[in-house]
Amino acid sequence: MKNIFKDLQRKDHKRYLGGLDVFRYIGPGLLVTVGFIDPGNWASNFAAGSEFGYSLLWVVTLSTVMLIILQHNVAHLGIVTGLCLSEAATQYTPKWVSRPILGTAVLASISTSLAEILGGAIALQMLLNIPIIWGSVLTTVFVSIMLFTNSYKKIERAIIAFVSVIGLSFIYELFLVRIDWPVAVQGWVTPSFPQGSMLIIMSVLGAVVMPHNLFLHSEVIQSHEYNKQDDASIRRVLKYELFDTLFSMIVGWAINSAMILLAAATFFKGGIQVEELQQAKSLLDPLLGSSAGVVFALALLMAGISSTITSGMAAGSIFAGIFGESYHIRDSHSQVGVILSLGIALLLICFIGDPFKGLLISQMILSIQLPFTVFLQVSLTSSRKVMGQYVNSKWSTFVLYTIAAIVTVLNIMLLISSL
């Protein structure tokens with residue numbers, strides 16, 4: 001007992017990495033998660049739940065596993081090399097390889113921004129009856145202000161707040177319905193292919209792994225300026241980055257699952273098939289009350305805003321990386337990337353008569369570009385010249401190329417089916 005009191009009086013205790021230190025590493029993964037719960041995913045999830053009930057929940061599980069592996073791998077690239085995916089491609093691959101891929105990645109980020117801005121505009125139309133064009137302008141202006149006036153840390157906190165609102169909204173919605181949990185649990189782990197479900201299965205899987213998220217994660221993982229002066233420090237950062245990725249992707253898995261659960265418990269049970277987001281909100285009002293519809297629209301607005309922020313950051317990162325620079329909003333290359341992504345997307349929305357068709361076209365563009373980005377990433381992280389002792393193992397390389405092939409085939413099938 002005397003020794004304990006003496007020990008309490010000491011002030012030279014060695015500092016250990018404790019549980020609270022984990023929170024220092026949470027943030028980059030949540031920035032990426034919003035791409036996992038963007039308006040495009042909302043449309044796919046509500047279509048899956050309303051048409052096939054709980055039977056396609058396994059698709060969310062499978063896509064989340066694939067996403068964790070790919071995002072963890074690209075985060076390794078950022079931590080070990082200190083370069084984002086765009087910078088690494090510029091530095092380690094010939095220009096005739098890197099320039100076309102990065103150029104199409106910028107186009108993909110514009111396509112992503114188009115879908116995300118449309119999502120925010122649709123939510124504003126639901127909430128305030130604002131026309132799609134003016135809702136798109138308001139969403140773009142708000143996002144631009146956030147991007148051009150805030151630092152990484154403030155952006156992270158804002159995104160965490162937005163994701164929290166989305167998650168809490170769906171928790172509230174789920175309390176209003178009766179979920180058949182035994183059937184839902186079975187749906188999460190048991191693959192099934194109901195007749196006519198392949199298009200929706202491919203849509204859910206194809207919309208999860210998005211090109212801009214791979215570029216973004218490799219960039220923002222460096223924003224915390226971890227101590228990477230020695231091998232032990234790097235390995236510790238890699239370990240806690242995995243925790244951040246796992247935590248963030250599980251949050252995304254839960255929110256996407258909640259969308260399918262809500263649709264299955266309301267629309268599928270009532271024999272109603274949802275084909276667009278405005279329809280989902282209008283149908284929720286009589287089924288669950290007007291408050292449920294408002295909460296739904298509010299969550300969609302948060303998803304639209306937060307995912308537009310990340311698509312803008314990704315564009316800035318990709319464009320700056322072409323010139324061998326990292327993302328910084330005060331740098332002209334990063335600014336041009338952000339302006340190109342948001343500005344061109346907003347301009348295109350002015351010429352789109354059907355917002356739902358606009359979402360469809362944007363996903364088609366992503367499907368075309370995604371395979372190039374995934375194979376570029378895996379080739380870089382499998383190169384000892386790039387990664388040194390942290391290069392992918394042979395088993396990891398095999399798994400990553402297998403996932404890359406699966407993602408490629410699924411997205412090509414989605415593209416063909418959409419034509």
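**Chatting about Ser-109 and helix α6**

Visitor: Where is Ser-109 found?
Guide: Ser-109 sits in helix α6; helices are DSSP runs of H or I with at least four residues, strands are E runs of at least two, and numbering starts at the N terminus. This is a predicted model, where local features need pLDDT of at least 70, side-chain atom pairs count only at pLDDT 80 or more, and totals for chains, interfaces and linings use all residues. Residues are numbered from 1 along each chain as its sequence is written, and side-chain values use heavy atoms, without hydrogens or water.

Visitor: Is Ser-109 buried or exposed?
Guide: Ser-109 is buried, with a relative accessible area of 0% (buried is under 20%, exposed over 50%, partly exposed in between, with a 1.4 Å probe and protein chains only).

Visitor: What does the side chain of Ser-109 reach?
Guide: A polar atom of that side chain lies 2.6 Å from the backbone oxygen of Val-106. Leaving aside neighbours within four places in sequence, Ser-109 is in contact (heavy atoms within 4.5 Å) with Ser-311, Ala-315 and Ser-341.

Visitor: How do α6 and α15 cross?
Guide: The axes of α6 and α15 (residues 332-349) cross at roughly 60° and come within 8 Å. Axes are lines fitted to C-alpha atoms over the stretch in contact, with angles from 0 to 180 degrees between N-to-C directions. So α6 is oblique to α15: under 35 degrees is roughly parallel, over 145 roughly antiparallel, 65 to 115 roughly perpendicular, and the rest oblique.

Visitor: Which residues meet there?
Guide: From α6, Ser-109, Ile-110 and Leu-114 are among them, and the α15 side includes Leu-340, Ser-341 and Ile-344. By class, this contact of α6 with α15 has 11 nonpolar, 3 polar and no charged residues (Ala, Val, Leu, Ile, Met, Phe, Trp, Tyr, Cys and Pro are nonpolar; Asp, Glu, Lys and Arg charged; the others, Gly among them, polar).

Visitor: And at what angle do α6 and α7 pack?
Guide: Helix α6 (residues 95-128) and helix α7 (residues 132-149) pack at about 120°, their axes 8 Å apart. Residues making that contact include Ile-117, Gly-120 and Ala-121 of α6 and Gly-135, Ser-136 and Leu-138 of α7. Its classes are 7 nonpolar, 6 polar and no charged residues.

Visitor: New topic: which helix holds Thr-266?
Guide: Thr-266 lies in α12 (residues 231-268). Thr-266 counts as buried at 7% relative accessibility, and its side chain reaches the backbone oxygen of Leu-262 at 2.6 Å.

Visitor: How many helices and strands does the protein have?
Guide: There are 18 helices and 0 strands. Of the 419 residues, 57% are buried.

Definitions and conventions:
A polar contact is a pair of N or O atoms within 3.5 Å; within protein, one must be able to donate a hydrogen and the other to accept it, and residues adjacent in sequence count only if both atoms are side-chain atoms.
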